[in-house]
Amino acid sequence: MIDRRILTHFDFLLLFLILPIIGISFFLIHEANEALSFKQLIYIISGFFLFWIVFFIPFRSLSKSVGVFYWICILLLLITDFYGTTKLGAQRWITIPGIGVSLQPSEPVKIAILLMLANIIYHNPPPRWGYGWKDFLKISFYILLPFLLILKQPDLGTALVVVIMGFGILFLVGVNYKIWLSILITILVASPLIYSSLHDYQRKRIHDFVAEKPSYHVQQSIITIGSGGLLGKSKKNSTQTQLKFLPIATSDFIFAYYVERFGFMGAIVLIGLYIGLILHILSFSLLDSKDYRLKVIAGGIAILIFVYVGVNIAMTIGLAPVVGIPLPVFSYGGSSFITFVVLFAILENLLAFRFNFRYNSNPFRNINKKGPLAQLVRALGS
């Protein structure tokens with residue numbers, strides 16, 4: 001039924017690397033809290049259907065729609081600033097009236113930034129020696145605008161992820177080295193001012209990080225990881241998690257819970273899956289030096305996963321401040337999970353449709369040309 005050329009260029013290895021991570025995550029969440037596991041199952045099923053819907057969107061032929069989507073996400077961030085719902089001192093959510101569902105605009109904005117950068121760089125590729133100041137500042141505007149709006153919520157962790165992802169893409173694509181040198185010097189000179197402008201709780205997190213004694217959450221996380229030993233413990237003997245000593249065991253500190261159950265060897269396996277996933281995705285950016293859409297999306301997703309994994313694991317062992325960044329498709333929650341599912345679908349789309357056969361050219365083959373399905377396909381094509 002599906003055009004074989006699509007299946008030929010569909011990357012199945014990507015799914016084989018992702019599915020074990022999702023499976024282990026669901027197992028842990030179900031052990032810790034059955035009610036949460038039911039919600040997570042809904043996210044997984046929803047993500048499965050959303051993946052295939054997004055996969056068939058013709059991203060290579062979209063241009064104006066990408067800009068519209070980007071500015072809609074910016075508008076949502078502005079609405080959050082004025083009318084957002086406040087939780088734990090941060091105004092990061094929009095509650096949809098009538099159904100009580102909350103939306104966190106900082107999640108879809110990551111997708112919007114990637115698509116916008118891919119579109120801009122595709123239509124204005126870098127010269128031989130990289131972008132100069134004019135092009136660099138123009139592209140940087142689309143990164144810094146959402147960064148500042150997210151920072152104002154305040155959500156320092158997500159804001160930093162956005163800015164690292166955006167400028168990481170520019171680094172991969174090509175920017176004149178003098179620009180990077182100037183930015184580095186500026187940051188070093190302005191670092192005291194940047195620190196003084198942080199919120200009290202953000203400065204406290206940094207203080208807890210550099211202090212000799214880590215915070216209570218980090219202490220319990222380190223104890224949990226150490227108690228796992230080489231091969232881990234059974235559910236019954238995982239006292240740190242089962243007796244609620246480990247805080248936020250299914251989301252922010254799920255890596256510590258995982259190591260308590262599966263030990264050092266299990267940690268090596270999980271980190272190995274993530275390293276394989278990052279390197280595999282990053283390799284797509286090298287397939288075609290002129291395919292800037294694929295280069296930007298693949299590079300952006302690889303950077304995003306690397307930052308999320310690195311920061312999350314580092315904060316659970318006391319090597320980074322606690323900033324509430326989850327493990328990709330592993331921590332409990334719907335917003336981050338759906339964001340990564342959509343990004344994987346976009347990547348698969350750019351891989352499957354990267355050659356010049358008619359875009360989505362009647363993928364439903366061998367059907368009755370006079371039947372109702374054939375009529376529907378012709379109507380959609382017109």
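**Exercise 1.** In which helix is leucine 41 found, and is leucine 41 buried, partly exposed or exposed?

*Solution.* The model is predicted, so local features need pLDDT of at least 70 and side-chain atom pairs count only at pLDDT 80 or more, while totals for chains, interfaces and linings use all residues. Residues are numbered from 1 along each chain as its sequence is written, and side-chain values use heavy atoms, with hydrogens and water left out. Begin with the helix: leucine 41 belongs to helix 3, residues 34–55, where helices are DSSP runs (H or I, at least four residues) numbered from the N terminus. Next take the relative accessible area, which is 35% for leucine 41 and therefore makes this residue partly exposed (buried is under 20%, exposed over 50%, partly exposed in between, with a 1.4 Å probe and protein chains only).

**Exercise 2.** Describe where helix 12 bends and how its span compares with that of a straight helix.

*Solution.* First, a straight helix of 31 residues would span 45 Å at 1.5 Å a residue, the expected span being 1.5 Å times one less than the number of residues. Helix 12 (residues 254–284), however, spans only 29 Å between its end C-alpha atoms.

**Exercise 3.** Is serine 331 buried or exposed, and which backbone oxygen does its side chain reach?

*Solution.* Serine 331 lies in the loop between helix 13 (292–316) and helix 14 (335–352), and its relative accessibility of 5% counts as buried. Its side chain reaches the backbone oxygen of serine 251 at 2.8 Å.

Key. Helices (H or I, at least four residues) and strands (E, at least two) are DSSP runs, numbered from the N terminus. The bend at a residue is the angle between axes fitted to the seven residues ending there and the seven starting there. A polar contact is a pair of N or O atoms within 3.5 Å; within protein, one must be able to donate a hydrogen and the other to accept it, and residues adjacent in sequence count only if both atoms are side-chain atoms.
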